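Morning, everyone. Please take a look at the model on the screen, and then we'll walk through it.

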Amino acid sequence: MTHMNIGEAAAAAGVTPKMIRHYESLGLIPDVQRTDSGYRLYSDREVAMLRFIRQARALDFPVKQIESLLALWRADNRASREVKALAQQHLDALELRQREIDEMRTTLSHLVSLCKGDDDPHCAILEQLAGATGEATSATAQPASRKLKEVRAGTKAPARKPCHEAPAPVASGAGHAGLMAWTRGLGT
């Protein structure tokens, strides 16, 4: 069995030595052998694990899911349905995030189209973000099609009033979902 120092292992796995130390600190790879002077020695097994982690991170798997995938990868008695379930869960999360990104892009595109982009200090984007009333926020605007629950991180606040009620300024930290719902009511 050949052993590599951290630089050689990093090069072989396609990661940086700093990332190897980070993965070790997270417990994704077990403690490795060390020389008498304390230098880490990596075997082909650890390098394979580092490659596995790199590939999983490239697919944006969260650390907890990578831990589970690594455990399944190492288990001889694993059922592929467990692996598929983890991958499907992550795919569902990515698809939700993509829909949110698409909604943000649509909203931002709408806001950009409202701005003349000239030397005039008046900016429709800033007015819309501030919740100012004007042509785009007329009473004929269509209400949002769904109600959104806005809860700040770390709180257990009840749902606020629906976004389709009178357009109000978007509160700092309210998130893109509230802004998107609000701008849907602006009419296009």
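Which residues is Leu41 in contact with, leaving aside its neighbours within four places in sequence? They are His3, Met4, Val32, Gln33, Arg34 and Thr35. Contact here means heavy atoms within 4.5 Å.

A word on the source. This is a predicted model, where local features need pLDDT of at least 70 and side-chain atom pairs count only at pLDDT 80 or more, while totals for chains, interfaces and linings use all residues. Residues are numbered from 1 along each chain as its sequence is written, and side-chain values use heavy atoms, with hydrogens and water left out.

Back to Leu41. It sits in strand E2; helices (H or I, at least four residues) and strands (E, at least two) are DSSP runs, numbered from the N terminus. Leu41 is partly exposed, at 23% relative accessible area. The cut-offs: buried is under 20%, exposed over 50%, partly exposed in between, with a 1.4 Å probe and protein chains only. Ala9 is 32 residues away along the chain, yet the two C-alpha atoms are separated by 8.5 Å.

Now helix H2, residues 17–26. Ile20, Tyr23 and Glu24 are buried there. They fall within an arc of 100 degrees seen down the axis, so they line one face of H2; the arc is that of the directions from the helix axis to the C-beta atoms. On the other side, Lys18 and Ser25 are exposed.

What do the buried residues of H2 pack against? Helix H1 (6–13), strand E2 (40–41) and helix H3 (44–58). After H2 comes Gly27, with a positive phi near 85 degrees.
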